[in-house]
Amino acid sequence: MKLLHIDSSVLGPHSVSRQVSAAIVERLRASTPSLDVTYRDLTLTPLAHLSGSHLAVSQGVAPEASLQPDIAAGQAVLEEFLAADVIVLGAPMYNFTIPSQLKAWIDRVLVAGKTFKYDAQGVHGLAGNKRVIVAISRGGFYGAGTPAAVGEHLETYLRWVFGFIGVTNPEFISADGIQVGPEHREKAVAGALKAAGDLAAA
């Protein structure tokens with residue numbers, strides 16, 4: 001079984017989402033010692049954001065020499081995703097949504113004919129056989145029923161993205177209120193780490 005571990009926080013060792021995503025992987029490794037883990041840090045090896053040139057290549061235009069390394073990098077992350085049975089994703093909220101580094105990764109993974117397709121009945125996800133677990137961290141409180149819920153474009157976006165490619169039941173572990181104060185942060189991290197330790201086996 002293959003697991004793909006992705007982190008996208010720019011905070012390095014100070015990141016809550018990284019701490020929780022690592023705990024998720026540790027839990028799954030403990031339950032399945034033979035798990036084959038691939039790790040990608042989107043801040044250390046960032047992907048370029050899509051450009052007109054990228055889209056032209058996807059339509060069959062030969063890539064310029066300067067673009068070829070990035071096209072190869074995009075193909076590599078797509079192949080990593082396709083090969084994985086389990087995806088563990090660390091995703092902090094930045095300005096109410098995902099980090100731009102994570103958006104660049106998503107743009108290389110959502111590929112027609114690879115992870116979704118269209119036909120006369122509409123769109124069909126092609127990645128529904130994968131288990132996706134997302135560790136999210138948010139500075140405030142954005143859950144359903146809170147005053148700020150309308151501004152939540154992290155979990156809601158990722159649920160839509162993964163649902164679009166067929167993953168209809170992604171699992172989320174959330175650490176909320178980490179910027180409210182030290183007590184809130186400690187409580188949120190502890191709760192998220194406990195949830196990671198209680199996850200079902202891989």
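This is a predicted model: local features need pLDDT of at least 70, side-chain atom pairs count only at pLDDT 80 or more; totals for chains, interfaces and linings use all residues.
How are H4 and H5 oriented to each other, roughly parallel or roughly antiparallel?

Residues are numbered from 1 along each chain as its sequence is written, and side-chain values use heavy atoms, without hydrogens and water.

The axes of H4 and H5 (lines fitted to C-alpha atoms over the stretch in contact, with angles from 0 to 180 degrees between N-to-C directions) come within 12 Å and cross at roughly 10 degrees. The two helices are therefore roughly parallel to each other, a term for angles under 35 degrees. Leu102, Lys103 and Ile106 of H4 meet Tyr157, Leu158 and Val161 of H5, where contact means heavy atoms within 4.5 Å.

## Nonpolar cores

A nonpolar core is a set of buried Ala, Val, Leu, Ile, Met, Phe, Trp, Tyr and Cys residues joined through side-chain atoms within 4.5 Å; buried means under 20% relative accessible area (1.4 Å probe, protein chains only). The largest such core has 31 residues, and Phe81, Leu102, Trp105 and Leu158 have the most contacts inside it. H4 provides its largest share, five residues.

A second, separate core of 20 residues includes Leu3, Ala23, Ile24 and Val88.

## Ser21

Ser21 lies in helix H1, residues 16–31 (helices are DSSP runs of H or I, at least four residues, numbered from the N terminus). Ser21 counts as buried because its relative accessibility is 0%. Beyond neighbours within four places in sequence, Ser21 contacts His5, Asp7, Val88, Gly90 and Ala135.

Conventions
Buried means under 20% relative accessible area, exposed over 50%, partly exposed in between (1.4 Å probe, protein chains only). Angles under 35 degrees count as roughly parallel, over 145 as roughly antiparallel, 65 to 115 as roughly perpendicular and the rest as oblique.
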